[in-house]
Amino acid sequence: MRNPLRYRVWWTTRQKIVTSVVVGALLVTSVWYGVGRLTAPEDRSCAAGVSRPQDSDECIGVSGDGYDFEQPQLTSVAAAIGRENRSLKAGGYATVALLLPLTSTDTSMRTKVLHELQGAFAAQYRANHHANGQVPQIRVVLANTGSNSLQWEPVVARLRTMTDAPDQLRAVSGVAISSTQNKAAVKRLTDAGIPVVGTTITADDIANGPAGDPFPGLARVSPTNRDEARALASFGEVKADRALLVQDTRSGDHYTDTLKSAFSTLLKGSKYEPQLFTSRKDPYDEGTTANTFEQITHLICDTDADTVFFAGRHVQLRQFVNALGARGCQSRRFTVLTGDEGSYLGDDKKLDRDALRREVTVRYASLAHPDAWPTVAAGKKQPTGGSAADYRAFVDLLAEVGKKPAGPVGPTAHDDLTDGQVIIAHDAMTLAVAGIRRATTDGKELPGLEDVGGQWPRVKGSLRVRGASGWICLDNHGNPYNKAVPVVELAPDAPHQRFAALAWPEGKPPDARCLPPSAAP
C-alpha cells in the first residue's frame, strides 16, 4: 500500500532536508522547554506583594487589595478593606499597616486576628466617611508576619520601603502579642522613624518610660502588665499572706516575664514560694504542663492560700484551671487572677467549664468589655475615664460597617465583643488616625513621618482620644495613664466572659482633666 505522507515529506532530497530540519527544531525546542520547566524557580506567589517563603506554605507579605491570605474567616473583612481602599483618591491618603500573624494555626489567635481587622476597619471607615472631610483619608494594608510572627523580618523590611509614594505609610498598628519577635519588629520599625500603635501588647519592656525611650514613636492603648496587676490588686483587695504565685519559668516571653515580675511585687510578704512550671518554646504547644499542674494543685491544697496569681499564657492557664477544678480539696474556694491572656478562654472548647462550678473563680484584667461602660452608666455615679455614649457610638458604627455598602465584615454581636479585641483594635486605629491628622499642618495633604509620633505626648487633657474602651490619655512616653481596666470573670454558661467591675491602676478613676502627674508611677 502506498503511503501518501511519504511523498509529501520524505521523497525528494529537498523534502528530506526540510523535514529533518523541522523535526530537529521541534526536538531542540521540546528539550529546551522541558529543561526550563525543571530548572525554573517555582512560582510561590500568592497575590501582589505576597508570596510563600521557601520551606513554608504560609502566604507572607503586605496587601491592601482585599486579599484574605487564604484564611476564609478573614474573607469578608479583608474584602471590605479592599473596597474602601479602592475608593480613595491616589495621593490623598496616608497608609496604616496592621502587623499581625494572619495565618496563625492557633484557634484563639485566629479569632483574635479576625476581631482586630474588624475593629480597625470600623475606625478606618469612620475616619473616611464621618469626620467632616478631614484629611488625609486613611488606607489600611494587612501585613502578615506568619504563625508566631516568625516571618516578621521580610514583612518589616517591606514596610520600611513604603513611607514614600504611592503608599505613604504613616503608622503601623496591630502587634498582637508581647513576644520576642514582635519586640524586635517594633524596634526595627521605630528605628526607621515609623510610628507604631500597639493594640494588645502589654509587656512593660516593650514600652518607653522615664528610664529611656528605646522605641521612639511607640504608643499603646492597653495598660502595661504592671498597671493591670495594680488594678487587679486594687479590685480584689488581695492579702499577700493568703496568696501565692504560679509562674512559667520559660524566659524570653515578654508578656509572661513582666507579668510575673508585677505579681511578685504585689506578693511581697507571701508565706509561700512560687509554684513553677515550664512551657514549651511554642506557647501554643500543649506539652506536658498538664501533668505538672496536677501536682501543683496538690501543693496548693497544702497551703491556706485562697488567691492564686497566674503568670503564663492562655494554653497553660486553661490547663491549670482544669487541674484546679479536679483538685483534692474540693471544699476550698479559690480565686485565680491573671492578665489579659484570660480573654482567650472565653470560647476555648478545651476548658473544663465544670471547674468553674467547683468553687473556682477565674478573673482577669481585660483590655475592654462590651458591658463595662453601659453597666457603669446604669449605676448611681458614673466615673470619669470613659463613657457609655462613646461606647454606644462604637456599637452604632459596627452596625453600619456590618452591612452593605461598607460590609459585611463578619460577626460582631455582643458575644463576639466580650474578648475585647474588636474594641481595642478600633481604639488603636482611632489613635493612629488622630496622630496622622493632628500632624497634618495647613497647606499640606500629608504629615511628615516624624511628626506623627511627635503627637503622642499631647494626647491628654482635652486632646485625649475618647475610645470605646475608655479615655486614652498618654504620658510623655506614649503609655496610657490610669486606663480603665475591666475585670472580667469566666463563667460556665454563656456568655462565658462576664464583666465584674472597672478597676484602676491608681485605685480610683482619673480626674476630669486626665493629665498625668509629673511623677506618674
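A residue is called buried here if its relative accessible area is under 20%, exposed if over 50% and partly exposed in between, with a 1.4 Å probe and protein chains only. By that rule, 55% of the 521 residues of the chain count as buried. The model is predicted, so local features need pLDDT of at least 70 and side-chain atom pairs count only at pLDDT 80 or more, while totals for chains, interfaces and linings use all residues. Residues are numbered from 1 along each chain as its sequence is written, and side-chain values use heavy atoms, with hydrogens and water left out.

The chain has 14 helices and 17 strands. These are DSSP runs numbered from the N terminus: helices are H or I with at least four residues, strands are E with at least two. Taken along the principal axes, the C-alpha atoms fill a box of roughly 110 × 65 × 45 Å. Contact means heavy atoms within 4.5 Å. Among contacts between residues at least 6 apart in sequence, 73% join residues at least 24 apart.

With bonded cysteines counted along the chain, they follow the pattern 1-2, 3-4, 5-6.

One of them joins Cys46 and Cys59, with sulfur atoms 2.2 Å apart. The link of Cys46 and Cys59 is left-handed, with -85° about the S-S bond. Cys46 lies in strand β1 (residues 45-47) and Cys59 in the loop between β2 (50-51) and β3 (60-63), so this pair ties together parts that are 13 residues apart in sequence. Cys59 is buried, at a relative accessible area of 2%.

Another disulfide is formed by Cys301 and Cys329, whose sulfur atoms are 2.0 Å apart. The torsion about the S-S bond of Cys301 and Cys329 is about -75°, so this disulfide is left-handed. Because Cys301 lies in helix α9 (residues 289-301) and Cys329 in the loop between α10 (314-325) and β12 (334-338), the pair ties together parts that are 28 residues apart in sequence. Both Cys301 and Cys329 are buried.

Cys473 and Cys514 are also joined by a disulfide, S to S 1.8 Å. Its torsion about the S-S bond is about 120°, so the disulfide of Cys473 and Cys514 is right-handed. Cys473 lies in the loop between β15 (470-472) and β16 (485-490) and Cys514 in the segment after β17 (497-503), so the pair ties together parts that are 41 residues apart in sequence. Cys473 and Cys514 are both buried.

Now the aromatic side chains. Rings of Phe, Tyr and Trp (its six-membered ring) pair if their centres lie within 6.5 Å; planes under 30 degrees apart count as stacked, over 60 as edge-to-face and the rest as tilted. The structure holds ten such pairs. One of them is the tilted pair of Phe121 and Tyr125, 6.0 Å centre to centre with 50° between the planes. Phe121 and Tyr125 are separated by about one helical turn because they are four residues apart in helix α4 (residues 107-129). Both Phe121 and Tyr125 are buried. Elsewhere, Phe277, Phe293, Phe310 and Phe320 form one aromatic cluster.

Helix α12 (residues 388-401) and helix α13 (residues 421-438) pack at an angle of about 100°, with their axes 12 Å apart. Axes are lines fitted to C-alpha atoms, for helices over the stretch in contact, and angles run from 0 to 180 degrees between N-to-C directions. The two helices are therefore roughly perpendicular (65 to 115 degrees; under 35 is roughly parallel, over 145 roughly antiparallel and the rest oblique). Tyr391, Phe394, Leu397 and Leu398 in α12 meet Val422, Ile423 and His426 in α13.

Most residues other than glycine have a negative phi, and most peptide bonds are trans. A cis peptide bond joins Lys404 and Pro405, with omega about 5°, and Pro405 lies in the loop between α12 and α13. Gly407 and Pro408 are also joined by a cis peptide bond, with omega about 5°, and Pro408 is in the loop between α12 and α13. Ser149 is not a glycine but has a positive phi of about 55°. Ser149 is in the loop between β5 (137-144) and α5 (152-160) and is buried, with a relative accessible area of 4%.

Note on methods
A disulfide is a pair of cysteine sulfur atoms within 2.5 Å.
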